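Please read them with the model open beside you.

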Amino acid sequence: MNAENKRPAGLAAIDREMARQNVDALASFYQADAVAQKIAASLKRTGRLVLLGMGGSHAVGRAVEPLYRAHGIDAVALPLSEQLGQPLPLQGRTVLVSSQSGESAEVVRWFAEDGGGPDTFGLTLEAGSFLGRTVPCLVGSGGSELAFAATRSLTISFALHLAVLAALGDDPSEALAALRDPQAVGVEDAVAALSGVAGVVTSGRRLQGLAEALALGLTELSRRPCFSLEGGQLRHGPMEMLGSEIGVVLFRGDDPTGELVAAMAASVVAAGAPTVVFDASGKPPVEGAVTLTFRPASGLAAVLAMLPVAQRLMIAFAAARVEDAGTPVRSTKITRSE
């Protein structure tokens with residue numbers, strides 16, 4: 001193999017993380033029970049949850065918001081930076097602070113200024129980190145993620161939330177099956193559909209958090225403007241940007257919002273924008289869209305089925321555009337400054 005064909009070091013590092021992510025996620029789920037039970041007990045007592053995090057950790061919070069709300073819990077995910085600058089009152093709420101490193105600048109400052117409380121918990125990949133030493137934590141298996149863009153850390157974070165949701169009474173079997181037996185869904189047609197775009201918008205309804213995680217990874221790796229808008233927000237005005245140079249990636253689950261996602265897909269196709277749909281609805285595909293079809297699923301079962309495929313799409317999208325994809329030029333893995 002000559003130098004021109006070698007895999008960029010950054011993407012090779014991501015490959016290594018992804019190769020172990022499902023095994024580590026399963027181990028994380030099974031070792032999390034004790035702390036998950038404590039968090040569930042807190043949630044049953046307070047009935048309110050604030051999920052604080054940055055970057056991929058915030059996207060995970062956005063993805064699990066509706067799953068906690070389904071238990072009657074008043075759940076909201078906020079960027080930790082927003083909580084620092086314009087704080088939501090936290091009295092009487094369960095707080096879950098997420099940071100894969102447990103060392104990010106916002107985490108350290110928030111505890112210095114707020115201090116947390118008896119219903120404050122953490123989620124991290126490093127038990128010995130600042131966060132891990134400060135509050136009871138859900139701790140992912142296998143240590144810190146070394147590659148730049150979040151892949152394995154997202155999968156593990158979802159598995160740790162699955163442990164809490166199971167402690168609240170959810171059946172985790174379908175989500176665990178998605179980790180044990182990943183679906184083989186090719187991304188070649190989706191990559192081809194997006195080959196000529198200058199930027200990408202991702203969108204969903206109940207799967208909006210997953211859409212936000214993909215947009216972050218696409219931006220980090222491709223260095224192209226890629227961002228996410230919840231389905232209703234995309235409908236209210238931003239449709240004006242659509243055309244052949246803007247790709248749109250939609251996420252559709254087997255839930256009551258699936259028809260809204262299908263209607264959006266039809267509108268995007270009509271606008272002439274290359275359209276990709278991650279579809280676990282079990283319903284017919286939208287004509288004109290490239291559809292990546294999964295077994296019917298909702299919630300974390302859908303998220304964990306789609307996530308590795310979305311990861312492969314973002315990597316292929318970036319590899320076609322950036323020679324050293326996966327090697328940051330303006331960022332660091334652990335953000336220690338605000």
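1. In β3, the residue that bridges to L52 is V97. These strands, β1 (residues 48-53) and β3 (residues 94-98), pair in the parallel sense over four bridges, where two strands pair if DSSP finds at least two bridges between them; strands (E, at least two residues) and helices (H or I, at least four residues) are DSSP runs, numbered from the N terminus.

2. As to the basis of these remarks, this is a predicted model, in which local features need pLDDT of at least 70 and side-chain atom pairs count only at pLDDT 80 or more, while totals for chains, interfaces and linings use all residues. Residues are numbered from 1 along each chain as its sequence is written, and side-chain values use heavy atoms, with hydrogens and water left out.

3. The open sheet has five strands in the order β2-β1-β3-β4-β5, with parallel pairing. Its edge strands, each pairing on one side only, are β2 (74-79) and β5 (137-139).

4. Helix α3 (residues 56-69) lies across β1, β2 and β3 and runs at about 170° to β2, whereas helix α5 (residues 105-113) lies across β1, β3 and β4 (120-124), at about 145° to β3. Axes are lines fitted to C-alpha atoms, for helices over the stretch in contact (heavy atoms within 4.5 Å), and angles run from 0 to 180 degrees between N-to-C directions.

5. Neighbours within four places in sequence aside, E65 contacts L51, A75, V76 and A77.
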